[in-house]
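The sequence and the structure are shown below.

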Amino acid sequence: MPDHPVVNISVITPKPERFAEFMELQLAQHHAVRGKVEGLIGGRLFRSREDRDVVLVTMFESEQAALRFARDERFTSHLARVRPLLERAVPGAYDVAYEVGSL
């Protein structure tokens, strides 16, 4: 079976008093790795209107590309920095079922 895109979706709930700090670190991470991750097609960070949760969506060219970045020091060190700021994080890997328009 040939490689196909894999979408990682994480629903993240920072501690209420740490939301702004989490967003600052997340945006800094985005700027630090933008255009530098092999196999990354793109990503989006959605912020709830209540500043309570965020949804992080990243699409990789293949499962291998996603796994490679999951082991990358740039990612693992970022996780170590943000983990103390979180109440909960629920990650998952998904395949595209259909697409309409562009996000």
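## Packing of helices 1 and 3

In this predicted model, helix 1 packs against helix 3 (residues 73-82) at an angle of about 170 degrees, and their axes lie 11 Å apart. Since angles over 145 degrees count as roughly antiparallel, helix 1 and helix 3 are therefore roughly antiparallel to each other.

On the helix 1 side, the contact is formed by Phe22, Leu25, Gln26, Gln29 and Val33; these meet Arg74, Phe75, His78, Arg81 and Val82 of helix 3. Sorted by class, this contact between helix 1 and helix 3 has five nonpolar, three polar and two charged residues.

## Nonpolar cores

Eight residues make up the largest nonpolar core: Ile12, Phe19, Phe22, Met23, Val54, Val82, Leu85 and Leu86. Helix 1 (residues 19-33) supplies the largest share of this core, three residues. A second, separate core has six residues, including Val33, Val37, Ala65 and Ala66.

Leaving aside residues up to four places away in sequence, Ile12 touches Phe22, Arg52, Asp53, Val54, Leu56, Leu86, Arg88 and Ala89.

## Overall architecture

The protein has three helices and four strands, and from the N terminus on its elements run in the order β-α-β-β-α-α-β. Of the contacts between residues at least 6 apart in sequence, 76% join residues at least 24 apart.

The C-alpha atoms fill a box of roughly 45 × 30 × 20 Å along the principal axes. Buried residues account for 27% of the 103 residues.

Methods: Residues numbered from 1 in each chain as written. Predicted model: local features only at pLDDT ≥ 70, side-chain atom pairs only at ≥ 80, totals over all residues. Heavy atoms only, no water. Core = buried A, V, L, I, M, F, W, Y, C linked by side-chain atoms within 4.5 Å. Buried < 20%, exposed > 50% of the residue type's maximum accessible area, 1.4 Å probe, protein only. Helix = DSSP H or I, 4+ residues; strand = E, 2+ residues; numbered from the N terminus. Contact = heavy atoms within 4.5 Å. Axes fitted to C-alpha atoms, helices over the stretch in contact; angles between N-to-C directions. Parallel < 35°, antiparallel > 145°, perpendicular 65-115°, else oblique. Nonpolar A, V, L, I, M, F, W, Y, C, P; charged D, E, K, R; others polar.
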